[in-house]
Amino acid sequence: MSILHALSILLCLAGGVFFLGGTLGLLRFPDTYSRLHALTKADNLGLGFVVLGLMARTENISELIILVLIWFLALVGSSSACYLIANHIRNEALHKGETDDLGL
Amino acid sequence: MIWAFDVLLVLALIGVAAHIIWAREHFQAVVLFITFGLLLSMAWSRLNAPDIAITEAGIGAGLSGVLLMNALKSGSASRPGLSNKVLACLILPWACLMSLLLAWAWDAALIGSGLGVEVLAALPHAAFEYPVTAVLLDFRTFDTWLELGVLLAAVFGILGTGFRSGPQGRPDLKPPEPVGTWALNILFPFMILIGGYLLWLGAFAPGGAFQSGVILAAAGVMLWQSGRPCLAGVPFFWVRVCVVSGFSAFLLLAVSSLVRSQELLTHPDSKIWILGVEYAATLSIAACLVILAENCITK
(Lines give C-alpha, C1' and ligand atoms only; values in the text may rest on other atoms or scores of the structure.)
Protein backbone atom coordinates (compact mmCIF):
# COMPACT_ATOMS: atom_id res chain seq x y z
CA MET A 1 0.00 0.00 0.00
CA SER A 2 2.68 2.48 0.98
CA ILE A 3 4.40 2.10 -2.39
CA LEU A 4 1.13 2.91 -4.13
CA HIS A 5 0.67 5.93 -1.85
CA ALA A 6 4.16 7.22 -2.59
CA LEU A 7 3.66 6.66 -6.31
CA SER A 8 0.35 8.50 -6.17
CA ILE A 9 1.90 11.49 -4.38
CA LEU A 10 4.82 11.60 -6.83
CA LEU A 11 2.55 11.49 -9.87
CA CYS A 12 0.25 14.20 -8.50
CA LEU A 13 3.26 16.40 -7.73
CA ALA A 14 4.57 15.86 -11.26
CA GLY A 15 1.16 16.91 -12.55
CA GLY A 16 1.35 20.02 -10.40
CA VAL A 17 4.73 20.94 -11.90
CA PHE A 18 3.28 20.72 -15.43
CA PHE A 19 0.29 22.87 -14.41
CA LEU A 20 2.70 25.42 -12.97
CA GLY A 21 4.69 25.39 -16.22
CA GLY A 22 1.53 25.88 -18.26
CA THR A 23 0.44 28.79 -16.08
CA LEU A 24 3.86 30.41 -16.36
CA GLY A 25 3.61 30.08 -20.13
CA LEU A 26 0.13 31.60 -20.11
CA LEU A 27 1.43 34.59 -18.16
CA ARG A 28 4.77 35.07 -19.89
CA PHE A 29 4.42 34.05 -23.55
CA PRO A 30 4.14 36.93 -26.01
CA ASP A 31 1.22 35.99 -28.31
CA THR A 32 -2.03 34.04 -28.20
CA TYR A 33 -0.76 31.07 -30.22
CA SER A 34 2.11 30.32 -27.87
CA ARG A 35 -0.08 30.92 -24.84
CA LEU A 36 -2.59 28.40 -26.21
CA HIS A 37 0.26 26.01 -26.84
CA ALA A 38 1.46 26.32 -23.23
CA LEU A 39 -2.05 25.89 -21.86
CA THR A 40 -3.14 22.88 -23.85
CA LYS A 41 0.11 20.92 -23.95
CA ALA A 42 1.31 21.40 -20.41
CA ASP A 43 -2.09 21.31 -18.73
CA ASN A 44 -3.25 18.17 -20.50
CA LEU A 45 -0.03 16.44 -19.50
CA GLY A 46 -0.43 17.73 -15.94
CA LEU A 47 -4.03 16.52 -15.79
CA GLY A 48 -2.84 13.14 -17.13
CA PHE A 49 -0.31 12.83 -14.32
CA VAL A 50 -2.85 13.84 -11.67
CA VAL A 51 -5.35 11.33 -13.06
CA LEU A 52 -2.67 8.62 -13.06
CA GLY A 53 -1.79 9.51 -9.48
CA LEU A 54 -5.42 9.32 -8.41
CA MET A 55 -5.89 6.05 -10.29
CA ALA A 56 -3.32 4.50 -7.98
CA ARG A 57 -5.66 5.32 -5.09
CA THR A 58 -8.96 4.07 -6.54
CA GLU A 59 -10.86 1.36 -4.71
CA ASN A 60 -13.04 -0.04 -7.47
CA ILE A 61 -13.20 -0.28 -11.22
CA SER A 62 -15.96 2.32 -11.66
CA GLU A 63 -13.85 5.06 -10.05
CA LEU A 64 -11.03 4.09 -12.39
CA ILE A 65 -13.25 4.34 -15.45
CA ILE A 66 -14.63 7.71 -14.35
CA LEU A 67 -11.11 9.12 -13.91
CA VAL A 68 -10.02 7.92 -17.37
CA LEU A 69 -13.23 9.34 -18.83
CA ILE A 70 -12.56 12.74 -17.21
CA TRP A 71 -9.10 12.86 -18.72
CA PHE A 72 -10.36 11.78 -22.14
CA LEU A 73 -13.18 14.35 -22.18
CA ALA A 74 -10.83 17.11 -21.01
CA LEU A 75 -8.43 16.19 -23.84
CA VAL A 76 -11.19 16.35 -26.44
CA GLY A 77 -12.57 19.60 -25.03
CA SER A 78 -9.29 21.48 -24.62
CA SER A 79 -7.71 20.40 -27.90
CA SER A 80 -10.76 21.35 -29.97
CA ALA A 81 -11.26 24.60 -28.02
CA CYS A 82 -7.60 25.44 -28.62
CA TYR A 83 -8.02 24.90 -32.37
CA LEU A 84 -11.24 26.94 -32.48
CA ILE A 85 -9.70 29.90 -30.64
CA ALA A 86 -6.53 29.85 -32.78
CA ASN A 87 -8.58 29.51 -35.97
CA HIS A 88 -10.78 32.43 -34.96
CA ILE A 89 -7.76 34.67 -34.33
CA ARG A 90 -6.19 33.61 -37.64
CA ASN A 91 -9.39 34.32 -39.57
CA GLU A 92 -9.70 37.74 -37.96
CA ALA A 93 -6.07 38.56 -38.80
CA LEU A 94 -6.61 37.40 -42.40
CA HIS A 95 -9.75 39.49 -42.58
CA LYS A 96 -7.91 42.59 -41.41
CA GLY A 97 -4.94 41.84 -43.67
CA GLU A 98 -2.45 41.73 -40.82
CA THR A 99 0.20 39.25 -41.90
CA ASP A 100 2.40 39.66 -38.83
CA ASP A 101 -0.23 38.09 -36.55
CA LEU A 102 -0.64 34.94 -38.62
CA GLY A 103 2.02 32.99 -36.85
CA LEU A 104 3.63 32.14 -40.19
CA MET B 1 -37.13 59.44 14.77
CA ILE B 2 -36.69 56.27 12.76
CA TRP B 3 -40.28 56.39 11.49
CA ALA B 4 -39.57 59.80 10.00
CA PHE B 5 -36.71 58.21 8.06
CA ASP B 6 -39.04 55.43 6.87
CA VAL B 7 -41.66 57.93 5.70
CA LEU B 8 -38.97 59.93 3.89
CA LEU B 9 -37.66 56.74 2.27
CA VAL B 10 -41.12 55.74 1.03
CA LEU B 11 -41.79 59.23 -0.30
CA ALA B 12 -38.41 59.27 -2.04
CA LEU B 13 -39.11 55.84 -3.60
CA ILE B 14 -42.47 56.97 -4.98
CA GLY B 15 -41.03 60.27 -6.14
CA VAL B 16 -38.07 58.69 -7.94
CA ALA B 17 -40.33 56.05 -9.51
CA ALA B 18 -42.60 58.76 -10.85
CA HIS B 19 -39.57 60.66 -12.18
CA ILE B 20 -38.35 57.54 -14.02
CA ILE B 21 -41.68 57.18 -15.78
CA TRP B 22 -41.87 60.86 -16.74
CA ALA B 23 -38.20 61.35 -17.55
CA ARG B 24 -37.77 62.88 -21.01
CA GLU B 25 -34.30 61.56 -21.64
CA HIS B 26 -33.18 57.93 -21.49
CA PHE B 27 -29.96 58.92 -19.77
CA GLN B 28 -31.83 60.69 -16.99
CA ALA B 29 -34.11 57.67 -16.59
CA VAL B 30 -31.14 55.31 -16.23
CA VAL B 31 -29.46 57.46 -13.58
CA LEU B 32 -32.77 57.67 -11.72
CA PHE B 33 -33.20 53.91 -12.05
CA ILE B 34 -29.86 53.33 -10.32
CA THR B 35 -30.86 55.79 -7.60
CA PHE B 36 -34.14 53.94 -7.24
CA GLY B 37 -32.24 50.66 -6.80
CA LEU B 38 -30.12 52.18 -4.02
CA LEU B 39 -33.19 53.55 -2.21
CA LEU B 40 -34.97 50.22 -2.64
CA SER B 41 -32.03 48.36 -1.12
CA MET B 42 -32.20 50.73 1.86
CA ALA B 43 -35.90 49.90 2.16
CA TRP B 44 -35.10 46.18 2.18
CA SER B 45 -32.51 46.70 4.89
CA ARG B 46 -35.15 48.60 6.95
CA LEU B 47 -37.34 45.48 6.51
CA ASN B 48 -34.55 43.41 8.07
CA ALA B 49 -33.67 41.50 4.90
CA PRO B 50 -29.91 41.95 4.36
CA ASP B 51 -29.73 39.27 1.65
CA ILE B 52 -32.37 40.94 -0.53
CA ALA B 53 -30.84 44.35 0.16
CA ILE B 54 -27.46 43.16 -1.10
CA THR B 55 -29.01 41.51 -4.15
CA GLU B 56 -30.93 44.68 -4.95
CA ALA B 57 -27.85 46.87 -4.57
CA GLY B 58 -25.61 44.46 -6.52
CA ILE B 59 -27.88 43.29 -9.33
CA GLY B 60 -30.77 45.78 -9.30
CA ALA B 61 -28.72 48.94 -9.06
CA GLY B 62 -25.17 47.87 -9.98
CA LEU B 63 -25.34 45.28 -12.74
CA SER B 64 -28.62 46.43 -14.33
CA GLY B 65 -27.37 50.01 -14.19
CA VAL B 66 -24.16 49.09 -16.02
CA LEU B 67 -26.12 47.09 -18.60
CA LEU B 68 -28.56 49.94 -19.18
CA MET B 69 -25.72 52.46 -19.51
CA ASN B 70 -24.01 50.17 -22.00
CA ALA B 71 -27.21 49.74 -24.01
CA LEU B 72 -27.66 53.50 -24.02
CA LYS B 73 -24.13 54.05 -25.31
CA SER B 74 -24.46 51.50 -28.13
CA GLY B 75 -27.91 52.81 -29.04
CA SER B 76 -26.82 56.36 -29.79
CA ALA B 77 -23.35 56.72 -31.21
CA SER B 78 -23.31 60.52 -30.90
CA ARG B 79 -23.65 60.52 -27.13
CA PRO B 80 -20.36 61.12 -25.33
CA GLY B 81 -19.37 58.73 -22.55
CA LEU B 82 -20.49 59.21 -19.00
CA SER B 83 -18.77 62.20 -17.42
CA ASN B 84 -16.52 61.44 -14.46
CA LYS B 85 -18.54 63.66 -12.17
CA VAL B 86 -21.81 61.79 -12.72
CA LEU B 87 -19.97 58.49 -12.43
CA ALA B 88 -18.47 59.49 -9.07
CA CYS B 89 -21.88 60.66 -7.85
CA LEU B 90 -23.28 57.19 -8.61
CA ILE B 91 -20.40 54.90 -7.69
CA LEU B 92 -19.44 56.48 -4.35
CA PRO B 93 -22.82 56.07 -2.61
CA TRP B 94 -23.18 52.67 -4.21
CA ALA B 95 -19.83 51.47 -2.83
CA CYS B 96 -20.57 52.92 0.63
CA LEU B 97 -23.99 51.28 0.79
CA MET B 98 -22.65 47.99 -0.53
CA SER B 99 -19.87 47.78 2.08
CA LEU B 100 -22.26 48.73 4.89
CA LEU B 101 -24.71 46.05 3.79
CA LEU B 102 -21.98 43.44 3.48
CA ALA B 103 -20.69 44.21 6.96
CA TRP B 104 -24.22 43.95 8.34
CA ALA B 105 -24.91 40.68 6.49
CA TRP B 106 -21.66 39.28 7.85
CA ASP B 107 -22.91 40.06 11.37
CA ALA B 108 -26.37 38.64 10.66
CA ALA B 109 -24.92 35.47 9.17
CA LEU B 110 -22.94 34.87 12.35
CA ILE B 111 -26.05 35.23 14.52
CA GLY B 112 -28.87 33.55 12.58
CA SER B 113 -28.84 30.21 10.83
CA GLY B 114 -31.56 30.99 8.28
CA LEU B 115 -34.28 28.46 7.63
CA GLY B 116 -32.00 25.42 7.45
CA VAL B 117 -33.42 23.83 10.61
CA GLU B 118 -37.02 24.21 9.42
CA VAL B 119 -36.18 22.72 6.03
CA LEU B 120 -34.52 19.67 7.54
CA ALA B 121 -37.48 19.18 9.90
CA ALA B 122 -39.99 19.28 7.04
CA LEU B 123 -37.86 17.12 4.73
CA PRO B 124 -39.61 13.78 5.53
CA HIS B 125 -42.86 15.22 4.10
CA ALA B 126 -41.22 16.37 0.87
CA ALA B 127 -41.16 14.41 -2.38
CA PHE B 128 -37.36 14.70 -2.52
CA GLU B 129 -34.66 13.51 -0.20
CA TYR B 130 -32.25 16.29 -1.16
CA PRO B 131 -33.00 19.54 0.72
CA VAL B 132 -32.09 21.99 -2.08
CA THR B 133 -34.36 20.28 -4.62
CA ALA B 134 -37.07 19.98 -1.98
CA VAL B 135 -36.90 23.74 -1.29
CA LEU B 136 -36.92 24.61 -4.99
CA LEU B 137 -39.73 22.33 -6.11
CA ASP B 138 -41.71 21.46 -3.00
CA PHE B 139 -41.49 24.20 -0.37
CA ARG B 140 -40.96 27.29 -2.52
CA THR B 141 -42.76 26.18 -5.67
CA PHE B 142 -44.10 29.67 -6.28
CA ASP B 143 -40.58 31.17 -6.51
CA THR B 144 -39.46 28.56 -9.01
CA TRP B 145 -42.61 29.11 -11.04
CA LEU B 146 -41.87 32.83 -11.23
CA GLU B 147 -38.25 32.15 -12.20
CA LEU B 148 -39.46 30.11 -15.16
CA GLY B 149 -41.82 32.98 -15.93
CA VAL B 150 -38.87 35.42 -16.09
CA LEU B 151 -37.03 33.10 -18.48
CA LEU B 152 -40.17 32.80 -20.61
CA ALA B 153 -40.59 36.57 -20.70
CA ALA B 154 -36.99 36.98 -21.90
CA VAL B 155 -37.58 34.46 -24.70
CA PHE B 156 -40.84 36.15 -25.70
CA GLY B 157 -39.00 39.46 -25.84
CA ILE B 158 -36.28 38.08 -28.10
CA LEU B 159 -38.64 36.17 -30.39
CA GLY B 160 -40.97 39.17 -30.52
CA THR B 161 -38.32 41.62 -31.65
CA GLY B 162 -36.74 39.17 -34.10
CA PHE B 163 -33.33 40.17 -32.80
CA ARG B 164 -30.58 39.08 -35.23
CA SER B 165 -32.68 36.44 -36.88
CA GLY B 166 -32.35 34.86 -40.28
CA PRO B 167 -34.72 35.12 -43.24
CA GLN B 168 -37.28 32.71 -41.78
CA GLY B 169 -37.28 34.40 -38.42
CA ARG B 170 -34.64 31.90 -37.27
CA PRO B 171 -30.97 32.52 -36.57
CA ASP B 172 -28.74 31.64 -39.52
CA LEU B 173 -26.82 28.40 -39.36
CA LYS B 174 -23.10 28.59 -38.91
CA PRO B 175 -20.87 27.03 -41.56
CA PRO B 176 -19.76 23.56 -40.45
CA GLU B 177 -16.36 23.45 -38.79
CA PRO B 178 -14.41 20.15 -39.06
CA VAL B 179 -12.82 20.20 -35.61
CA GLY B 180 -16.00 21.47 -33.96
CA THR B 181 -17.92 18.64 -35.61
CA TRP B 182 -15.34 16.14 -34.42
CA ALA B 183 -15.58 17.38 -30.82
CA LEU B 184 -19.35 17.47 -31.04
CA ASN B 185 -19.54 13.85 -32.19
CA ILE B 186 -17.64 12.78 -29.08
CA LEU B 187 -19.07 15.22 -26.52
CA PHE B 188 -22.72 15.41 -27.57
CA PRO B 189 -23.77 11.91 -26.38
CA PHE B 190 -22.00 12.52 -23.07
CA MET B 191 -23.77 15.85 -22.61
CA ILE B 192 -27.19 14.29 -23.17
CA LEU B 193 -26.27 11.45 -20.82
CA ILE B 194 -24.98 13.78 -18.09
CA GLY B 195 -28.00 16.07 -18.48
CA GLY B 196 -30.36 13.17 -17.90
CA TYR B 197 -28.21 11.84 -15.06
CA LEU B 198 -28.24 15.20 -13.24
CA LEU B 199 -32.02 15.39 -13.56
CA TRP B 200 -32.37 11.95 -12.01
CA LEU B 201 -29.75 12.75 -9.37
CA GLY B 202 -31.60 15.88 -8.17
CA ALA B 203 -34.00 13.84 -6.05
CA PHE B 204 -31.32 12.81 -3.57
CA ALA B 205 -28.04 14.64 -4.36
CA PRO B 206 -26.84 17.93 -5.90
CA GLY B 207 -28.46 18.19 -9.33
CA GLY B 208 -31.95 18.81 -10.64
CA ALA B 209 -33.90 20.68 -13.27
CA PHE B 210 -31.75 23.82 -13.54
CA GLN B 211 -28.37 22.09 -13.75
CA SER B 212 -29.70 19.50 -16.17
CA GLY B 213 -31.40 22.15 -18.30
CA VAL B 214 -28.19 24.16 -18.55
CA ILE B 215 -26.17 21.14 -19.72
CA LEU B 216 -28.80 20.15 -22.28
CA ALA B 217 -28.87 23.76 -23.48
CA ALA B 218 -25.07 23.74 -23.81
CA ALA B 219 -25.38 20.59 -25.94
CA GLY B 220 -27.95 22.37 -28.09
CA VAL B 221 -25.78 25.45 -28.52
CA MET B 222 -22.81 23.25 -29.51
CA LEU B 223 -25.01 21.52 -32.06
CA TRP B 224 -25.98 24.89 -33.52
CA GLN B 225 -22.42 26.25 -33.38
CA SER B 226 -21.13 23.35 -35.45
CA GLY B 227 -23.52 24.20 -38.24
CA ARG B 228 -26.40 21.79 -37.64
CA PRO B 229 -30.01 22.70 -37.18
CA CYS B 230 -30.66 22.46 -33.47
CA LEU B 231 -34.07 23.90 -32.70
CA ALA B 232 -34.46 24.72 -36.40
CA GLY B 233 -34.69 20.98 -37.05
CA VAL B 234 -37.79 20.72 -34.88
CA PRO B 235 -41.16 22.04 -36.09
CA PHE B 236 -41.67 25.47 -34.58
CA PHE B 237 -44.89 24.32 -32.94
CA TRP B 238 -42.99 21.81 -30.82
CA VAL B 239 -40.29 24.36 -29.99
CA ARG B 240 -43.01 26.61 -28.60
CA VAL B 241 -44.49 23.68 -26.68
CA CYS B 242 -41.04 23.00 -25.13
CA VAL B 243 -40.54 26.67 -24.25
CA VAL B 244 -43.82 27.02 -22.36
CA SER B 245 -43.91 23.47 -20.92
CA GLY B 246 -42.26 24.32 -17.59
CA PHE B 247 -44.39 27.36 -16.86
CA SER B 248 -47.58 25.56 -17.93
CA ALA B 249 -46.77 22.51 -15.81
CA PHE B 250 -46.63 24.75 -12.74
CA LEU B 251 -49.85 26.43 -13.88
CA LEU B 252 -51.58 23.07 -14.23
CA LEU B 253 -50.38 22.08 -10.76
CA ALA B 254 -51.75 25.33 -9.35
CA VAL B 255 -55.12 24.91 -11.08
CA SER B 256 -55.40 21.28 -10.04
CA SER B 257 -54.68 22.18 -6.42
CA LEU B 258 -57.50 24.73 -6.58
CA VAL B 259 -59.85 22.12 -8.07
CA ARG B 260 -58.92 19.71 -5.29
CA SER B 261 -59.64 22.62 -2.93
CA GLN B 262 -56.23 22.54 -1.34
CA GLU B 263 -53.68 25.28 -0.90
CA LEU B 264 -52.13 26.71 -4.07
CA LEU B 265 -49.38 24.59 -5.66
CA THR B 266 -49.67 21.67 -3.28
CA HIS B 267 -49.77 18.23 -4.85
CA PRO B 268 -50.94 14.73 -3.92
CA ASP B 269 -48.48 12.56 -2.08
CA SER B 270 -47.31 10.61 -5.10
CA LYS B 271 -43.98 11.65 -6.61
CA ILE B 272 -45.33 11.60 -10.18
CA TRP B 273 -46.80 15.10 -9.94
CA ILE B 274 -43.70 16.92 -8.87
CA LEU B 275 -41.43 14.82 -11.10
CA GLY B 276 -43.61 15.72 -14.09
CA VAL B 277 -43.25 19.40 -13.22
CA GLU B 278 -39.49 19.01 -12.82
CA TYR B 279 -39.05 17.25 -16.18
CA ALA B 280 -41.19 19.83 -17.95
CA ALA B 281 -39.16 22.59 -16.29
CA THR B 282 -35.90 20.98 -17.52
CA LEU B 283 -37.17 20.84 -21.09
CA SER B 284 -38.33 24.42 -20.86
CA ILE B 285 -35.07 25.73 -19.39
CA ALA B 286 -33.02 23.96 -22.06
CA ALA B 287 -35.16 25.27 -24.93
CA CYS B 288 -35.29 28.82 -23.55
CA LEU B 289 -31.51 28.99 -23.03
CA VAL B 290 -30.80 27.67 -26.53
CA ILE B 291 -33.07 30.34 -28.02
CA LEU B 292 -31.42 33.04 -25.92
CA ALA B 293 -27.93 31.88 -26.93
CA GLU B 294 -28.76 31.49 -30.63
CA ASN B 295 -30.09 35.01 -30.75
CA CYS B 296 -27.49 36.74 -28.62
CA ILE B 297 -24.14 35.22 -29.66
CA THR B 298 -22.57 37.46 -32.26
CA LYS B 299 -21.19 35.91 -35.37
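B:Asp143 and B:Arg140 form a salt bridge, with their closest N and O atoms 2.8 Å apart. The term covers a side-chain nitrogen of Lys or Arg within 4 Å of a carboxyl oxygen of Asp or Glu. By this rule there are two salt bridges over all chains. The other entry pairs the side chains of B:Arg46 and B:Asp6, at 2.7 Å from N to O. B:Arg46 sits in helix H2 (residues 26–46) of chain B and B:Asp6 in helix H1 (residues 2–22) of chain B, so this pair ties together parts that are 40 residues apart in sequence.

The model is predicted: local features need pLDDT of at least 70, side-chain atom pairs count only at pLDDT 80 or more, and totals for chains, interfaces and linings use all residues. Residues are numbered from 1 along each chain as its sequence is written, chains are lettered from A and ligands numbered from 1 in the order in which they are written, and side-chain values use heavy atoms, with hydrogens and water left out.

Buried means under 20%, exposed over 50%, and partly exposed in between (1.4 Å probe, protein chains only).

| Residue | Relative accessible area | Class |
|---|---|---|
| B:Arg46 | 35% | partly exposed |
| B:Asp6 | 25% | partly exposed |
| B:Asp143 | 31% | partly exposed |
| B:Arg140 | 42% | partly exposed |

**Chain B**

Chain B has eleven helices and zero strands. Both are DSSP runs, numbered from the N terminus: helices are H or I with at least four residues, strands E with at least two. Along the sequence the pattern reads α-α-α-α-α-α-α-α-α-α-α. Of its 299 residues, 37% count as buried. Chain B exposes about 17500 Å², and carbon and sulfur atoms supply 73% of that area. Accessible areas come from the Shrake-Rupley method with a 1.4 Å probe; for residues, only the protein chains shown count as cover.

Contact means heavy atoms within 4.5 Å. Among chain B contacts between residues at least 6 apart in sequence, 72% join residues at least 24 apart.

B:Asp138 lies in helix H6 (residues 131–139) of chain B. Its relative accessible area is 15%, which is buried. Leaving aside neighbours within four places in sequence, B:Asp138 has contacts that include B:Phe128, B:His267 and B:Ile274.

B:Leu265 lies in the loop between helix H10 (236–259) and helix H11 (271–296) of chain B. At 6% relative accessibility, B:Leu265 is buried. With neighbours within four places in sequence left aside, its contacts include B:Phe142, B:Trp145, B:Phe250 and B:Leu253. The C-alpha atoms of B:Leu265 and B:Val7 are separated by 36 Å; the two residues are 258 apart along the chain.

**The interface of chain A and chain B**

Nine residues of chain A contact eight residues of chain B. The two chains bury about 730 Å² between them, with 86% of it on carbon and sulfur atoms. Buried area is the accessible area (1.4 Å probe) that two parts lose on being put together, summed over both. A:Leu73, A:Val76 and A:Tyr83 supply 52% of the area that chain A buries against chain B, more than any other three residues.

By class, the side of chain A that touches chain B has six nonpolar, three polar and no charged residues. Here Ala, Val, Leu, Ile, Met, Phe, Trp, Tyr, Cys and Pro count as nonpolar, Asp, Glu, Lys and Arg as charged, and the others, Gly among them, as polar. Across this interface the rule finds zero salt bridges.
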